[in-house]
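Here is a short report on how one protein chain is put together. Look at the sequence and the 3D view before reading on.

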Amino acid sequence: MEYNLADLFESVVDVVPDRAALAYLDHPGTGAERRLTYSALDAAANRIGHHLLESGIRPGEHVGLHLYNGVEYLQTLLGCLKARIVPVNVNYRYVAGELAHLYRDADLAGLVFDAEFTVRVAAAAPRAGRLRHLVRVGTPPEGAPEIPCAEFAEAEAAGAPERGFAARSADDLFIIYTGGTTGLPKGVMWRQEDLFFAGLGGGAPTGEPVRRPEELAERVAAGGDGITFFPTPPLMHGTSTLTAFVGFGFGQRVVLHRRFVPHEVLRTVERERVTSVSLVGDAMLRPLIDALRGPLKGTDLSSLFSVSSSGAVMSESVRAEFTELAPHVAVLNNFGSSESGFNGTAADGAGAGTGFRLRVNARTRVVDPVTHEPVAVGEPGRIAQRGHVPLGYYNDPVKTQETFFRKGGARWVLLGDMATVDEDGLVTVLGRGSQCINTGGEKVYPEEVEQALKAHPDVYDALVAGVPDALWGSRVAAVVQLREGAAGLSLGEVQGHCRARLAGYKVPRRLVIADRVRRSPSGKADYRWARAVALGEEREDGEPGEDRPRLA
């Protein structure tokens, strides 16, 4: 047995076959609730894995998962891993042109998609020359074009429930496509052994990693159950998928909702006695806070042990608000990426005025981006991680060479995040280098300014971008969403608030009040949108419910 994710999952199934593994709890009244034991989920994954192989998808080829959260997502993901087919996550927000690029770039041979996306899939699929087998989940909307495809329910019914797959390897690939905050999506290629240790903590994210693959199931067999993991972001983002696999690695239950609806999340925590919730930053935690202060005040959160965030910075002000409402819950502000897995957790007191300060793991350093040598105390560099790191970006040798390197006999990945390190080894994350604003020769990182803005009592959300300035080259612009009921906010008020927390050159010189700050479904920032709004440019992209922002 090797450190292969399918092998590891099957080893857990074999010791706790009748234990609850997955509960899919769609919005009440839909009749979509499904509950599977470990043996039932294993058999369901076997069926889809066999169907893909029998449909001509070969081991090593790529299958896209263009799906909302649901049983079918994890079932297909596990089925691919069992059959040595490489799963590829597909961002369901992409329009046809973006989908066509991803389908081609990822060399998809197969695609499993939700029926709601039929129109976009029909427009994109013909432009992906290698795509030859499609599986549709559910009934397409009325008037949707006909697509030659298999129906998921029929494929599942026809597939064999037994395992019977070829031997697998720790070198089998797992690809995570990431769009980041700018640029075209990139496929991060992980060996499964590396992803197991870097992204899943070697089977014990908060403890001692396993020393043998067999030890994972041995620990499950020796322990009990009663823990429920609730990944609330879309599974199409690495944060949620890895959280689900952490739950499976412990032999515990995973709960899913189709979409993130704050009130339903809290009701599920209460009803299902959820232990651990994962989310992405303020964009997901703040709506939960609003619900707890309002219509869902008094919700029973006594089962909840931890709320963890990764993928976007959680501001100290929002963390403090939640802690006030649920003081018994540990709030973990984690830092990681699709390229590195887990890097560290925010230190106490990290927030506006101090920056996002991390206690990083032993494999993480702040290095000079050119020499790759560790930077001196207080000097800016880029965060890098060694050891269990990806092989590179799929179909992008240039970006791979820029991002991945070897030093001291180890493989390293150079992240885009700028940071400094202090005498105690604490790392202060400054922000993405690609988003850095150069104003009069001074560097301003948007995340730091955003932290300060969100500490204002009338600010609900904020993004910061640079706009051209004839004198200074660029100036800091803030796009702000106000709290409901806030009377308004002037540029002068924002500047006065920020000057108490930031150096003068970091204070916003332009303010735009938007009805809504736009983020991805997982809470990640859309900096291209923020810059366009700050410049007063139109951004027509078909997003429903977009309201035109206004100048303060």
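Cys-149 is partly exposed, with a relative accessible area of 24%. The model is predicted. Keep that in mind throughout.

**Cysteines**

Cys-498 is in no disulfide either. Here the nearest cysteine sulfur is that of Cys-436, 17 Å away. Cys-498 counts as buried because its relative accessibility is 0%, and buried means under 20%. In general, a disulfide is a covalent bond between the sulfur atoms of two cysteines.

**The nonpolar cores**

Which residues touch the most other members of the largest nonpolar core? They are Leu-5, Tyr-103, Leu-111, Val-121 and Phe-196, in a core of 102 residues. Helix H3, residues 71-82, gives the most to this core: seven residues. A second, separate core has 28 residues, including Val-269, Ile-289, Ala-312 and Met-314. In soluble globular proteins, nonpolar side chains tend to be buried together.

Take a closer look at Val-121. Leaving out residues up to four places away in sequence, Val-121 touches His-66, Tyr-103, Leu-111, Phe-113, Pro-126, Leu-134 and Ile-147.

Strand S3 covers residues 62-66, and five of its five residues are buried. On one side sit His-62, Gly-64 and His-66.

S3 pairs with strand S4, and Gly-64 has Val-88 of S4 as its bridge partner. The chain goes from S3 through H3 to S4, and this β-α-β crossover is right-handed. S3 also runs parallel to strand S5. There, His-66 stands opposite Phe-113.

Strand S11 pairs with S10, and Thr-228 has Arg-253 of S11 as its bridge partner. S10, helix H9 (residues 238-249) and S11 form a right-handed β-α-β unit. In strand S12, Ser-276 stands opposite Phe-229.

| Strand | Partner strand | Sense | Bridges |
|---|---|---|---|
| S3 | S4 (residues 86-89) | parallel | four bridges |
| S3 | S5 (residues 108-114) | parallel | five bridges |
| S10 | S11 (residues 253-256) | parallel | two bridges |
| S10 | S12 (residues 276-279) | parallel | three bridges |

**Helix H14**

Is helix H14 enclosed or open? Helix H14 spans residues 446-454, and eight of its nine residues are buried, so the rest of the structure largely encloses it. The buried residues of H14 are Pro-446, Glu-447, Val-449, Glu-450, Gln-451, Ala-452, Leu-453 and Lys-454.

Notes
Residues are numbered from 1 along each chain as its sequence is written. This is a predicted model: local features need pLDDT of at least 70, side-chain atom pairs count only at pLDDT 80 or more; totals for chains, interfaces and linings use all residues. Side-chain values use heavy atoms; hydrogens and water are left out. A nonpolar core is a set of buried Ala, Val, Leu, Ile, Met, Phe, Trp, Tyr and Cys residues joined through side-chain atoms within 4.5 Å. Buried means under 20% relative accessible area, exposed over 50%, partly exposed in between (1.4 Å probe, protein chains only). Contact means heavy atoms within 4.5 Å. Two strands pair if DSSP finds at least two bridges between them. A crossover is right-handed if, with the strands pointing away from the viewer, the path from the first strand over the helix to the second runs clockwise. A disulfide is a pair of cysteine sulfur atoms within 2.5 Å.
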